[in-house]
Every structure is written in structure tokens, then in C-alpha cells.
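Please examine the sequence and the structure shown below. The paragraphs that follow lead through a few of their features, one place at a time.

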Amino acid sequence: MRLEVKDLRVQYGKIEAIKGISFVVEQGEIVTLIGANGAGKTTTLKTISGLRPVSSGSITYDGQDISKMAAHERVNLGISQAPEGRGIFPGMTVLENLEIGKYSRKERKSEMAEDLDMVYGLFPRLKERVGQAGGTLSGGEQQMLAIGRALMARPKVLLLDEPSMGLAPMMIQNIFNIITEINKQGVTILLVEQNAQQALQRAHRAYVLETGKVVKEAKASDLLNDPAVRAAYLGTGAEKGHH
Amino acid sequence: MINLRDKGAQLWEGWNRPKRVTFAVIAVAIVGLLPFGGDFSFTSILNTPVSSYQSVLVYPVGMFVLMALGLNIVVGKSGLLDLGYVAFFAIGAYTAGVLGIHTHLNTWEILPIGMGMAMIAGVLLGLPTLRLRGDYLAIVTLGFGEIVRIVALNTQSIGASTGIPSIPTPPKTFGLKFDIVHNNSYFWVVLILILLVIWMIRRFTVRRPGRAWEAIRQDEDVAILMGVPILRYKVWSFSIGAAIGGAAGVIFASKTQYVAPNMFTFNVSVLILSCVVFGGMGNIWGVIVGGVILAYLPERIRFISNARQLVFGIALVVIMNVRPDGLLPRKKREKLGAVKEAKEVPNG
């Protein structure tokens, strides 16, 4: 698995949201894109998963240019996203949500029980809630469901869009522990976060985005100690500032 | 308020197979015997003034239910607002008219052709427009419905404003005669079509297309992220709905033996959509009840002549206020607290 984004540009109408960014995600890594609101983090993820069209530049996955490929085919390749704001299906039960996460894997029913066990292993809470409607879960549980559902597709690379958004500090810790665990099981992760502190602690490498451009690229641990990054994203109050 | 939908579902789930089959057979038999209901003193209250009761059962009642079930796949199951459903009804009816007059094909042979024509129209309309969402799709489909009617109105070869008269009735089949005095035969044909559609929808719902439609309806973007090829499934939904509308059109034309553009106005689309919304979007039983009431009631109260539409309108407004999700809405799980725990983990 190797995901490479090169000179990517994305437009909303006439407004350019992504102004030529490049980055790589290597097999087994956790790579994080950090930056303020409006920096283009979510747009970048949506473009990789195919929800937004590419204006110019390329997205290559294992050497294959996927920038024009239909979104559902990218899922088949092994790119799976847990959407921002815990986009679960509120009217489906936890189990139905998880089952539909397997949609791309067609008739491989034999995998279902095995993968449900894998997800329940990571998120025991979901097993307790299996028959409950997604919309009735707590915020943290919904985030668990979104991640669990993305894992059902047996992704090679998992795209996570602000998994900490709106969660209590305890739950944030919990979710990030699990993200680290998923990565240890061999899934490559591209993580978009406003909670730079957590993201940098967990990731191997990081890119800092500002208004649609990559302004810095480094090992996550180095950025954690970088005075400029500390001032901009980890400064006083940063821990409380992400709601 | 009692939730009839959940009560019914609960009862049904508690039954074993023989019980379910018995119930279904009895229910179908009762519905099948409905045309005779007008003949007995204690059920003669069903009789409609002015129009013949047996005829009313075919059109509008049976037809509305059939079309509402078709439109429900599009609007209720997949969440695509189609305001031009009448177009497919018209295409089916005109196919029956043109082929009935100019060829030796009988109604049963024309039926699949009419469905096919409507389906093709559904695909042709769907491919470019189903990329649109919500309101935009509604506007485009509304336009399509009008275009079909206006084209029919301006095409001399299909009779322009006078339409196509003397469309042949179906041949005698299984000893059943089809003509103006044998409405019951039509009713049973429509009933069979309705049962087939119900069966088809129930099969779809538990399989991949049904799950894809449900995902698309709940959140299109997330459905894409799950690997659902949404355009393909939207076009499918649209064209299956269209085929059902086309089937209704063919039967309609062979019953009235006459089609004209003014039968296929925007009004019809709205009425069918009303059946779906009034009965309970997404729930086939609700849609059926909605279709029956909206088709039958105006005929039943025809004795108040001019005030009929007013009374009907007021009744609609009142009921929609009391039950905004329709008479028998689909399960609203996102609003319930704890839903019963799943007893087992299904294997797929």
C-alpha cells in the first residue's frame, strides 16, 4: 500500500480549497494532516475517497492513478473512510450499519462473523448496542461505529476525519488508543485532526495545512516540539479549544 | 396513539409459516371477492354512487395502489422525489394504444413492451438527472412529466389532443371476459400485478438493492463511502418504479379503450405522490392503505357533488396534521430509545 497525492488542486465552484498539495502515506504508517478550520483537511480526505472531484494533480494508490475513479471502486481497492461528524446511518441498527460497511465485499458472507468479532473486539461497547438504532448512540459510540463500519470493508488504508470532534476528553483518549491499536494490526491510517496534540502523539509523520497548502512536513514527534507549531496549534488553551 | 404498523409487524413476527400463509391466503381471498361486495345488503355500503363500484375498484382504486407502490420504491425507499410519475403511466398507456391499434398484439403481449418502454424512459431520464439531489431532481421530473404530455398533445400520429380511441380490450383469458361490463376481470388482473409488486419489493428490501436504497435515502455521501454505486441503484430504483407505472398504463388503456393527453396531467403525479405520503412513505402497507383511501373516498362521496373536492381536501389536511408521517409510517427507529436487542448475530 502506498498512497501518494501530488500537486492536488480542488475547487468549490470558483473558489480553490486545495491549492496544490502533495504528500505520501506509506504502508503501516499513521500520517496526520493537522491545521485550523478551513485549511482544507476534510476536503483533502473527501477528494481521496472520491466524494469531491479533482481539479488537477493526481492521487496514486499502489502506482495506479485513482483520481478519476468512481468512489465505490476506490472502496473496493481498500480505501475506507470514517466520515466527519460520525456519518452513521441513524435509522439503521448498529448491526445493520456494520453490515453495510461490508457492502463493497459483495457476497463474502463467510467474512461477516469474523469481521464483526474483530470490530466487537476493538469496540466491546458496540456489541452491547448491537440492536440499537445508530441515531440513539452517544457521540463516542457513534464515532466507534463509524470507525468499526469502515473496518468492515477490510481496508488497507483507513481515512479518519476528525475522530475526536465533539467528544469528552476521556472518550478522545479511548478512541485514539483504539486507532493506535488498529494501526498495530496492520492498517495504514491517514488521520485528519484539529486536536493536534493527540494526533501528533499518535502519528508517525505529519503535514501541517494552512489555507489549502502544505506549510510543513516532519516527523510527528519533531512537530510536537516545534515552537512555531506549538504556538499555532498546541498553544495555551489548545487542549480545550476543539469542540 | 397506537402504532398500528408496529402492532401488525409484531403479530406477524410472532406467527409461524403456516399461520402466515393462511393469513395471506384469506386476506387475498377477501380482497379478491371485493367486487361482489356491492351485491349484498350488509356490504352494499361499499357501493359508490354515480360510477359503478366494480369499475371504481379497477380505476382509480387498483391503479392508484399499483402506481403508489411503484412510486414508493422511488420516493419512499430511495428518497428520490419524483414529481413526474404520470409520464411513465402515460408511456404505458400510449404504448398499449399504438400497438393495440396498429399491430395484432394483445394486451398481455403489450404489457411487457409497455413496461419496457417506461423503463427505457426511466433510464434515459434517470442517467443524466439522478446526479441531481433533492429539489433539483423534483423540478426536472416535474418537467419531464409535462414534456411527455405536451409531446403527446402535439403529435398527430398518436392523435394529438383527441388521443387514441377504440383501443382493443384484452382477449378472453382463463374463461374471463374483458370488456366494459366485466370490470371484475380487470380488477383481478390489477390485484395480481399488485401482489407481484409487493412480493418483488419485499424480496428487494432484504437484499442488496434494498439495503443500497436505504443507505442512499439516509445519507447519500456515506452510502458512497460504503462502496455503494449510487447512480446505478438510483437508476434501478427509478426504472423499476417506471416499469410499474407503465404496467398500470397498459391495463388502464385496455380498460378505458381510449387514451388522451388530458388524462395524464401533473394532477395525477401529485395524487399518486399523495397516496404515498398520506399512507406512510416507505411502508408498503401504508402506501396501499393510502392509495385505497385516496382513490375510493372521492368516489364514495360523489353524492355531495361539488363540495366533494373540498371535503376531500379538508380530510387530507386534517389527517396529515394528526399523523404527519402518514397513516402507517415506516419504523422510525432513530427516534426510539432502546430498541430490542438483536437476539442473534445473523450470518449475513
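A:Thr211 lies in the loop between β9 and β10 of chain A. The model is a predicted one, and in it A:Thr211 has a positive phi of about 35° although it is not a glycine. Most residues other than glycine have a negative phi. With 14 C-beta neighbours inside 10 Å, A:Thr211 counts as partly exposed, because that class lies between the limits for exposed (12 or fewer) and buried (20 or more).

Strand β9 (residues 205-210) of chain A and strand β10 (residues 213-219) of chain A are paired in the antiparallel sense over 6 bridges. Within this pairing, A:Arg205 has A:Lys219 in β10(A) as its bridge partner.

Chain A also contains an open sheet of 4 strands, in the order β2-β1-β4-β5, with antiparallel pairing. Which strands stand at its edges? They are β2 (15-26) and β5 (64-65) of chain A; each has a single partner strand, so one side of each is left without a neighbour in the sheet. Strand β1 (residues 2-12) and strand β4 (residues 56-61) of chain A pair over 5 bridges, and A:Lys6 has A:Ser58 in β4(A) as its bridge partner. Strand β1 of chain A also holds A:Asp7, whose phi is near 45°, a positive value in a residue other than glycine. A:Asp7 counts as exposed because it has 12 C-beta neighbours inside 10 Å.

In chain B, attention turns to helices. Helix α4 (residues 86-102) and helix α6 (residues 134-154) of chain B pack at an angle of about 30°, with their axes 8 Å apart. The angle makes α4(B) roughly parallel to α6(B). Among the residues that meet are B:Ala90 and B:Tyr94 in α4(B), and B:Phe144 and B:Val148 in α6(B). By class, this contact has 8 nonpolar, 1 polar and 1 charged residues.

Is helix α12 (residues 284-300) of chain B largely enclosed or largely open? Of its 17 residues, 12 are buried, so α12(B) is largely enclosed by the rest of the structure. The buried residues include B:Ile288, B:Leu294 and B:Glu299. Their cover includes α1 (4-14), α3 (53-77), α7 (183-206) and α11 (266-279) of chain B.

Helix α3 of chain B has a feature of its own: B:Pro60 is found there, and a cis peptide bond with omega of about 10° joins B:Tyr59 to B:Pro60. Most peptide bonds are trans.

Note on methods: Residues numbered from 1 in each chain as written. Chains lettered and ligands numbered in written order. Predicted model: local features only at pLDDT ≥ 70, side-chain atom pairs only at ≥ 80, totals over all residues. Axes fitted to C-alpha atoms, helices over the stretch in contact; angles between N-to-C directions. Helix = DSSP H or I, 4+ residues; strand = E, 2+ residues; numbered from the N terminus. Parallel < 35°, antiparallel > 145°, perpendicular 65-115°, else oblique. Contact = placed C-beta atoms within 7 Å. Nonpolar A, V, L, I, M, F, W, Y, C, P; charged D, E, K, R; others polar. Pairing = 2+ DSSP bridges.
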